Amino acid sequence: MLRLVTIDLSQADLDVFERYEASVLVLLPKHRGRLELRVRALDGQTETHLLYFPDEQAFDSFRSDPARLVLADEWKRCGALSTVQLVERIAEG
């Protein structure tokens with residue numbers, strides 16, 4: 001299953017966001033997840049991640065990882081906002 005994460009960086013402290021991001025993304029393999037794609041818009045206002053997890057349980061495990069939850073204050077401090085969507089399928093061609 002794929003999750004599309006859209007992050008609004010327009011009001012974010014980028015240094016804090018990038019520290020948070022680095023700390024969280026290294027947790028993906030522990031939950032059988034991986035970062036398929038990470039793209040920041042040319043204007044620096046948004047960033048998009050495409051995350052893979054083999055199933056909903058793996059995604060939930062990542063979201064509730066104690067190491068990730070400890071970073072909640074850092075996420076709030078960075079000022080970024082995010083939305084997460086399930087990607088049903090990706091069109092080809």
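Is D73 buried or exposed? D73 counts as exposed because its relative accessibility is 55%, where exposed means over 50%, buried under 20% and partly exposed in between (1.4 Å probe, protein chains only). The close-up views below come from a predicted model, in which local features need pLDDT of at least 70, side-chain atom pairs count only at pLDDT 80 or more, and totals for chains, interfaces and linings use all residues. Residues are numbered from 1 along each chain as its sequence is written, and side-chain values use heavy atoms, with hydrogens and water left out.

View 1. Four strands form an open sheet in the order 2-3-1-4, with antiparallel pairing. Strand 2 (34-40) and strand 4 (81-87) are the edge strands, each pairing on one side only. From one strand to the next, the twist averages 15°. Strands (E, at least two residues) and helices (H or I, at least four) are DSSP runs numbered from the N terminus, and two strands pair if DSSP finds at least two bridges between them.

View 2. Strand 1 runs antiparallel to strand 3, and seven bridges join them. L4 stands opposite L50 in strand 3, while in strand 4 its bridge partner is Q85. Strand 1 and strand 4 are also antiparallel, joined by seven bridges. Strand 2 and strand 3 (residues 46-52) pair in the antiparallel sense over six bridges. R34 stands opposite Y52 in strand 3.

**View 3. Helix 1 on the sheet.** Helix 1 (residues 14-25) lies across strand 1 (2-8), strand 2 and strand 3. The helix runs at about 165° to strand 2; axes are lines fitted to C-alpha atoms, for helices over the stretch in contact, and angles run from 0 to 180 degrees between N-to-C directions.

**View 4. The largest nonpolar core.** This core has 19 residues, of which I7, L9, F17, L28, F53, F62 and A80 touch the most other members. Such a core is a set of buried Ala, Val, Leu, Ile, Met, Phe, Trp, Tyr and Cys residues joined through side-chain atoms within 4.5 Å. Strand 1, helix 1 and helix 2 (56-63) each supply at least two of its residues. The largest share, five residues, comes from helix 1. Leaving aside neighbours within four places in sequence, A80 is in contact (heavy atoms within 4.5 Å) with I7, D8, L9, A12, F17 and W75.

**View 5. D73 and Y20.** D73 is placed in helix 4 (residues 72-78). D73 and Y20 are 53 residues apart in sequence, and their C-alpha atoms are 9.8 Å apart in space.
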